[in-house]
Amino acid sequence: MTEAEQEKAPDLTALEQEGEIAADYVEGLLDIADIDGDIDMDVEGDRAMVSVVGLKGNELVGPAGEVLEALQELTRLAVHRQTGERSRLMLDVAGYRERRRAELTKLGTEIANQVKERDEPKALQPMTPFERKIVHDAVAAAGLRSESEGEEPQRYVVVLPA
């Protein structure tokens, strides 16, 4: 590996530490809320992944994932407080993000096909950064371009014809 590649390569030890800090924080929240669930930790690419599995309800996901997004931000803040570094940690609850990823990949592909057929740009509903990234990737895989427009929290994807 060259020196530049080593600088870009994620620090696995630091990511594992982020995951451990986040897992402890989330476990503490589950205990306070008296919610049963197990914690899984992993590193995917350049980010730590923490998943809460074995839940019986959706109260930690909330409508359109709003509670999950808030929990993720709180968890990132807890990691930042202990490490002093900005965290890109991804928190998932009961497989919500994986299901959402599949839905959005399908949506991005379908919209790209519509844009190809009609040769007109198409704007989607506002989405979180996580959701927009998935749609952008699906559109790129279909051979088209997309852009994000608007301001948070109303930022949305526009799929552009070739």
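Reply: In this predicted model, local features need pLDDT of at least 70 and side-chain atom pairs count only at pLDDT 80 or more, while totals for chains, interfaces and linings use all residues. Residues are numbered from 1 along each chain as its sequence is written, and side-chain values use heavy atoms, with hydrogens and water left out. The largest nonpolar core has 18 residues, of which Leu30, Val52, Leu55, Leu60, Leu91 and Val93 touch the most other members. Two or more residues come from each of α2 (12–33), β2 (47–53), α3 (66–83) and β3 (90–93), and α2 gives the largest share, four residues.

Me: What makes a set of residues a nonpolar core?

Reply: The members must be buried Ala, Val, Leu, Ile, Met, Phe, Trp, Tyr or Cys residues joined through side-chain atoms within 4.5 Å, where buried means under 20% relative accessible area with a 1.4 Å probe and protein chains only. A second, separate core, of 16 residues, includes Met49, Leu104, Met127 and Ile134.

Me: Which residues does Leu55 touch, not counting residues up to four places away in sequence?

Reply: Leu55 touches Ile35, Asp36, Gly37, Leu60 and Val93, contact being heavy atoms within 4.5 Å.

Conventions
Buried < 20%, exposed > 50% of the residue type's maximum accessible area, 1.4 Å probe, protein only.
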